[in-house]
Amino acid sequence: MKLKKTVVLPLVAATGLLFASPLALAQNFKMALGDAAGGTQWELGKTFAQLLQKKTAGKVKVDLFPNGQLGSEEDTINNAAMGLLDFSVLAVNNITPFSPTVGVLTLPYVIQSPEDARKLTQGTVGNELTQNTIRDAGVRIVGWAYSGFRVLTNSKKPVKTLADLKGLVVRVPKNEIMISTYKSWGVNPTPMAWSETFTALQQRVVHGQDNPYITISAMKFNEVQKYVTPIRYIFSLEPLVMSESVFKSQKPEVQKAILDAGREATAHSYKYLLATEDRIKKELVAKGMVITEPADGEKEWIAKATATVWPKYYQSIGGKQKLDNALKALGR
Ligand code: MLT
C-alpha cells in the first residue's frame with residue numbers, strides 16, 4: 001500500500017504525467033462542422049483538436065466531420081444537448097433559436113469591426129452568453145471562430161440599393177432577427193437550413209444568400225453565385241460548442257485542457273481571419289465574382305434595419321439593457 005501511494009500520488013499531482021499514465025484511457029471525441037473543410041470553422045476545429053491532443057499528451061483526440069455530415073447545424077445542437085455529440089462548430093445565428101439572448105450578436109450593425117467581435121465574445125458579454133447557452137441549450141461555448149462580415153451574393157444582377165433587391169429570392173438561416181432584417185429592407189426572404197443552401201442556389205430555387213468571403217470560398221458558392229454586395233450587417237461568429245453533459249463527465253484536468261485549447265484556438269482564429277480574408281476576396285474576384293459596393297455608404301440599409309429590428313428583439317435578448325451593455329462595451 002505504501003509503495004502504491006508513493007508512486008500514484010506524484011502522477012496525479014503533475015497534470016502532464018497524469019495524461020502519460022498507462023492507466024488513463026484514450027478518448028475520441030466527435031466534432032461536427034456545418035461548413036466544408038478549408039474555412040474558418042475548419043481552421044478553429046483543427047487548431048483546437050491539435051492543441052487538445054498536445055495538452056493531454058495524446059490521450060484525447062477529436063475527429064472532425066465537416067460539411068454537415070453529422071446533420072444540419074440545428075440538429076447538432078439538439079444532439080449535443082442530449083449528449084449524443086461531443087462538439088459542433090456552427091454559426092451563432094443557428095444557436096439563437098435555442099438560446100435567444102445570443103441574438104444580441106446577430107442584431108444588425110451592432111458589430112462594426114473584427115475588433116468589436118473580439119471584444120464582445122472575449123469580454124463580460126461573451127461570458128454571460130456562454131452561461132445562458134448552457135442554461136438554455138445544454139451546450140457550452142468553448143471557442144469562437146471569427147469569420148468576417150456576411151456579404152450578400154446572388155446569381156441575377158448587381159445590387160447597390162434596397163430597390164435592387166426587388167425580384168430576388170434570398171435564402172436566410174432560420175433566424176428571426178435575420179428574417180426581420182430582410183423584411184425591413186422590403187424583401188420576404190426564404191428561411192432554409194444551411195445544409196440545403198448550395199443545392200437551392202444551384203437549382204435557382206433561391207437567387208441569393210449572405211455569408212462571409214471565407215465561407216463562400218470554402219463552400220464553392222462562387223460556382224453558383226456571381227454578384228457580391230459587401231454589406232456589413234452581421235459579423236459572422238461561429239462558436240465551438242461542447243455538449244455540457246459530456247463536459248461535466250470529464251475529469252477536471254481534461255476540462256481545463258478543453259477550456260485552454262478553446263481559448264488558444266480562438267486567438268488563432270482571429271489572426272487567421274485578418275491574415276486570410278483579403279486574399280480569399282481577391283481569389284473570388286479572379287474566379288469571376290463581381291463586387292458592387294452598396295450605394296451611399298450603406299446608409300439606407302443601416303437606417304431601416306436598426307430602426308425596425310432592434311426594438312422588436314429587446315425582449316428576446318433579455319431587455320434593452322443587454323443591447324446597451326454590448327454597445328457600452330464597444331465604446332458606443
Ligand atoms: C448559415 O448561413 O446558416 C450559416 O452562417 C452557415 C455557416 O455555418 O457557415
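What we have is a predicted model, where local features need pLDDT of at least 70, side-chain atom pairs count only at pLDDT 80 or more, and totals for chains, interfaces and linings use all residues. Residues are numbered from 1 along each chain as its sequence is written, and side-chain values use heavy atoms, with hydrogens and water left out.

Let's start with serine 269, which sits in helix H11, residues 252-286; helices here are DSSP runs of H or I, at least four residues, and strands are runs of E, at least two, numbered from the N terminus. Serine 269 is buried, with a relative accessible area of 3%; buried means under 20% (1.4 Å probe, protein chains only). A polar atom of its side chain lies 2.9 Å from the backbone nitrogen of tyrosine 146. Beyond neighbours within four places in sequence, serine 269 is in contact (heavy atoms within 4.5 Å) with Leu44, Trp144, Ala145 and Tyr146.

Next, helix H4, residues 73-81. Which residues of H4 are buried? They are Glu73, Glu74, Thr76, Ile77 and Ala80. They cover an arc of only 160° around the axis, so they are on the same side of H4; that arc is taken from the directions from the helix axis to the C-beta atoms. Just after H4, glycine 83 has a positive phi of about 80°.

Last, strand S5, residues 151-154. Val151 and Thr153 point one way, Leu152 and Asn154 the other, and all are buried. Asparagine 154 stands opposite glycine 208 in S8, while threonine 153 stands opposite valine 228 in S9.

Thanks, everyone!

Key. Buried < 20%, exposed > 50% of the residue type's maximum accessible area, 1.4 Å probe, protein only. Polar contact = N/O pair within 3.5 Å; in protein donor to acceptor, adjacent residues only side chain to side chain. Pairing = 2+ DSSP bridges.
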